[in-house]
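Subject: Structure handover, aromatic contacts

Hello,

Here is the structure for your files. My notes on its aromatic rings follow below.

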Amino acid sequence: MGKRRAGRQLLRSLSKKQKKHLREFGEEHPFYDKVFAYCFIGCYCCCLHLCFPFQSDSDKSSAESDSETEVEQVSGYHKLLATLKTSPESQSEEEEDESESEEAEESEAEMDSEGSQETGEAEGREEEDKNEAPEEATDTAEQMLSQEQANGTDTSCDPRHGITEEFTDVKHESEFSLETNFIEEESGDCNADRRDSNPFKQHMDKELEEKEIEKMSTLPKTSSQSQWPRLGQVIFSSTLEKPKTLKADKEVDVKQLHLHKPLESTWPKVNKAFQCAVDKRADSSFTPLQRELFCVMNSYRDLFYPEGSALANGEEIRHVYCLHALNHVLKANAQVLSHNARRRDRQPGTDTDEHRDQGLTRPKVLMIVPFRECALRIVHIFISLLEVNDKKKIDVSNKKRFKGEFGSDPEEKPPNLKRPEDYEAVFAGNIDDHFRIGVAILQRSMRLYAPFYSSDIIIASPLGIRTVIGAEGEKKRDFDFLSSIEILIIDQADIYLMQNWEHVLHLMKHINLLPLDSHGVDFSRVRMLNLNNWSKYYRQTLLFSALQDPQINSVFNKHCFNYAGQVAVRNVPLTGSISHIVVQLPHVFRRLEADSVTSVIDARFQFFIDKVLPEYRDAIMSHTLIYVPSYFDYVRLRNYFKKEDLNFTHICEYTKKAAVCRARRFFLKGEKQFLLFTERFHFYKRYTIKGIRNLIFYELPTYSHFYSEICNMLKATDNGVDATWTCTVLYSKYDAQKLAAVVGIDRTAQMLQSKKNVHLFVTGEN
């Protein structure tokens, strides 16, 4: 009874939307939920952006045994967060949040009544929905769970039941087996593997020598640059090839791209929405951007494109890399099925070494995307590309289940929630960031939820793939399915900086390693490149991002070993985001000196407390917001402010909703002089902070447009004191990319050459 009562109390505390999301996915997302875990395990889950699933009373493993389940090896990062969350002050804040939640809501309503069109209205409505939620929803949730179990429904992947096993479609295993099927003449190109000019065959059939492998491992890459009409400045680097100038194809006929047979006819129809009406050339099925991107993709070189935007060209890019991935899979499978027929008809004793056409495991393409909505759109593109016409519909297994788990309910979005357009584009649809799904494609059929070792394509989030790979020392971990990945696509890489970049690095360390088990592979069909453990030298990596960041650049430079070379787009911004500021504001850029990248963290902190902070200690410099991109810097500053007993408040991505409202009220009324404000909180919430008079950017923002957004918050409170507004920015020579995105390349060159502070005044007309 105690467990049942505790479960009902938990459900009563949730809103209608949260209950519905809990019933569907068993977890809440930081987009609209509260961070409620203050214990160590809760802190660990926050690091992974993963909330513990609610367990019904029918489960044998109750919440009391959560701490006794599998525990991953604890890193220093998690220990730090654990000490932060379990500190006495955090516990006291939690008690204050419970006692003052109503007061915070009232104060928020008071701020909204002043004429603001910001998020307070939506928050107030959310609280009203929470109060209006009927108690019958509690019984409904429990009845649904018990009814599913009574009916024998497969709930193996449902996180509501606290079961780690995932749903996989085993029923159609034989239908999608590559070893037991043969190619159909009309469904694919039987002679695709015989074309000497086929880029797929040229890339995969090239036999590297040990000298070349040693050369790629030891010698530096040589590079050359060229100017393309749409991509701009393109840098090609390679170890094996001599420096040469890459040229974009001006006109390309779809029939000359060596697309698999169905794609030649379906691609122009699927991509029709992006085609330019004025483009009447032979390759009008591609936009100018798609044509140049596919030119690089089809050459099987690595690609880094840092100018993708969910608002502007995100769908355009997604369509073209889906075309390339599907084309690769169809060609690879057609080659295997064609060789199956030859092996069936061969004479006894015939040499079969020419039929080496597989890897050590079946998965060929790994697509890393941030949210379930992205996976949903990718699968829809695949289906559209495979359906030749309305009469020839392809058979998609588990489609209904997929739509239910990866789709979204339009009513879940809070009403009147006003956010910037780029925010709406990024967080559209289902924004759960813990998922993975295998996709098997065979001729005219597609199987969703295929077991990984029977899949051709794996679509996953960094967190979803990280929980499968596991950590060293764990009993249950698996990464053999990554051994023969031939195309790795990482889309919207900048969002992973806001989630957990360690998951991406963990993936790159475990991809293309020799498997620990054979998994039933026929070694007579395995390519020699896989047997020699040279898979990483043949893997093509496609990396898309909205910005250039040192951490993203590091992945492309240190973890991409493609023998065909790497192509990176390196355009410099001529004008920065500072030109989008609409308020009259003086900007002071203060340069700090550091000997190395590793020492810049301590140098920035020391520079701030010695040179910058003393200027703002006076009471006249009240209403000072300190923008901190790094969470660790935020923790360090918060601890220092507490030690110095400064009058401040703070907001981060882990702050409870009531505490956020209270901090905003204190800061607006001037009861707190400083407000520590993290970048990840701004990324996920985009609240407008009122009452700012003085801005301090402890470090330049990761997203350049955040600089103008934060500065434009000063106009939220028009009280005639704009003459006293100030903005101070700390930077070093290692912040060149971020600085150029804010002030432009010309000013950046001048600021890096000069060691003096730079004063800029923005009039709102720049």
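A residue counts as buried when its relative accessible area is under 20%. By that cut-off, Phe641 and Phe648 are both buried. Please keep in mind that the model is predicted.

Aromatic pairs

A pair of aromatic rings is described by the distance of the centres and the angle of the planes. The structure holds 32 aromatic pairs. In one of them, Phe427 and Tyr684, the ring centres are 5.9 Å apart and the planes stand at 50°. Planes under 30 degrees apart would be stacked and over 60 edge-to-face, with the rest tilted, so this pair is tilted. The pair joins distant parts of the chain, 257 residues apart: Phe427 is in the loop between α15 (421-426) and β6 (436-442), while Tyr684 belongs to helix α24 (residues 679-685). Phe427 has a relative accessible area of 7% and is therefore buried. Tyr684 is also buried, at 4% relative accessibility.

Phe641 and Phe648 pair as well, with 5.3 Å from centre to centre and 80° between the planes, an edge-to-face arrangement.

Cluster

One aromatic cluster is formed by Phe589, Tyr627, Phe677, Phe681, Tyr687, Phe697, Tyr707 and Tyr731.

Charges over rings

Two contacts of this kind are listed here. Arg401 has its charged end over the ring of Tyr449, 5.8 Å from the ring's centre. Lys536 lies over the face of Phe561, and its distance from the ring centre is 4.6 Å.

Regards

Definitions and conventions:
Residues are numbered from 1 along each chain as its sequence is written. This is a predicted model: local features need pLDDT of at least 70, side-chain atom pairs count only at pLDDT 80 or more; totals for chains, interfaces and linings use all residues. Side-chain values use heavy atoms; hydrogens and water are left out. Rings of Phe, Tyr and Trp (its six-membered ring) pair if their centres lie within 6.5 Å; planes under 30 degrees apart count as stacked, over 60 as edge-to-face and the rest as tilted. Helices (H or I, at least four residues) and strands (E, at least two) are DSSP runs, numbered from the N terminus. Buried means under 20% relative accessible area, exposed over 50%, partly exposed in between (1.4 Å probe, protein chains only). A charge sits over a ring if NZ of Lys or CZ of Arg is within 6 Å of the ring centre and within 35 degrees of the ring normal.
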